[in-house]
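Dear colleague,

My findings come after it.

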Amino acid sequence: MIDQSDGVGAQAVQIVGDSEFLANGLAHQLRVLSEVTSVNLAVRVLCYDNPRTGEVKTVSESLTVQEVGDGCSPNQGFGHNHNFLFGTWPSSPSVILLNPDCLPVHGSIESLVRKFEEDSTIGIVEARQWPFEHPKHRDPVTGDTSWASGFFCLLSGPMMNAIGGFDPSYNMYLEDVDLSWTAWQSGFRVVYEPLAVGRHFTQSLFPRRDLLNVEQEMSLRNFLSIAYKFFGRQGFMRAYAMAEKQVSSEVLADATEGAKNDVIPYMRVANRRRHPMVGFSDVLIFEGLRK
């Protein structure tokens, strides 16, 4: 729960969206939040295309919401936006990230918090994504996972302060993988909690096969970037060779140029310490390497 010195006294939840979401989706998401948990929630929403700071509004006896703005337009990216929101309550023991297209099921908030409170070394607790989950390693006993999706997860406040939050240079996609790997390398655990479930209504569930959509294009660019950041030139070349087998030369050329020009020069260089939970086995498949 949030430190009382923050004047909140409830579990911090942060959501990033645009003005259309505020007008059409936020009220429904807040109503669902108030119905599915017994935990007192303090929600802060960053509307990146309509920056402003609003009064704290009471949605129910257990939920308050405040719209905040950072004065930046257009969208500065997932990592930047959540770093900014986290900066509005930096002494919070934990904060829950919730995508605007995600609706938690009953008891999920409690499950995230309980898992977090089991072990002081836990840095991230990831919820189960419904209807489709990411293909990746999960330890069936401990819950340890090679990375956690940012769609619906709990982040440790001490971890965020220790590692400096998200690397904003990715802008969109794979910044959650980067955060997870940095957490592992910094001594924090990243765990999966199947009892916490988020219904994720992503628009990319059924992509057109004839188009390289924004998610695919930026994910490929950032895949090359994260390989370089954590594994150097050798890792970049390994990632490039994998991508060569799966995408056209034109697409790969665009992704490579984007990585080299738009992302890699601005990345905070990873310490590149070896860790058994940090690695990749295929394009956009980030696996733990434990035997």
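The following paragraphs set out what was found.

This is a predicted model, in which local features need pLDDT of at least 70 and side-chain atom pairs count only at pLDDT 80 or more, while totals for chains, interfaces and linings use all residues. Residues are numbered from 1 along each chain as its sequence is written, and side-chain values use heavy atoms, with hydrogens and water left out.

Helix H6 spans residues 175–185; helices (H or I, at least four residues) and strands (E, at least two) are DSSP runs, numbered from the N terminus. Because 11 of the 11 residues of H6 are buried, the helix is largely enclosed by the rest of the structure. Buried means under 20% relative accessible area, exposed over 50%, and partly exposed in between (1.4 Å probe, protein chains only). The buried residues include the charged-type side chains Glu175, Asp176 and Asp178 as well as Trp181 and Trp184. Among the elements covering them are H3, strand S7 (122–130), S8, H5, strand S9 (189–200) and H7. After H6 comes Gly187, with a positive phi near 95°.

H6 packs on helix H7 (residues 214–244) at an angle of about 15°, and their axes lie 11 Å apart. That makes H6 roughly parallel to H7, a term for angles under 35 degrees; axes are lines fitted to C-alpha atoms, for helices over the stretch in contact, and angles run from 0 to 180 degrees between N-to-C directions. On the H6 side the contact (heavy atoms within 4.5 Å) is made by Val177, Asp178, Trp181, Thr182 and Gln185, and on the H7 side by Ile226, Lys229, Phe230 and Phe231.

The largest nonpolar core has 50 residues, and Ile124, Leu155, Met159, Trp181, Phe223 and Phe286 have the most contacts inside it. Such a core is a set of buried Ala, Val, Leu, Ile, Met, Phe, Trp, Tyr and Cys residues joined through side-chain atoms within 4.5 Å. H7 gives the largest share, 11 residues. Not counting residues up to four places away in sequence, Phe223 touches Leu174, Ala239, Met242, Phe280, Asp282, Val283, Leu284 and Phe286. A second, separate core of 29 residues includes Leu26, Val39, Leu63 and Val113.

Finally, Glu133 lies in the loop between S7 and S8 and is partly exposed, with a relative accessible area of 36%. Leaving aside neighbours within four places in sequence, Glu133 is in contact with Arg128, Arg138 and Tyr192.

With kind regards

How values were computed: Angles under 35 degrees count as roughly parallel, over 145 as roughly antiparallel, 65 to 115 as roughly perpendicular and the rest as oblique.
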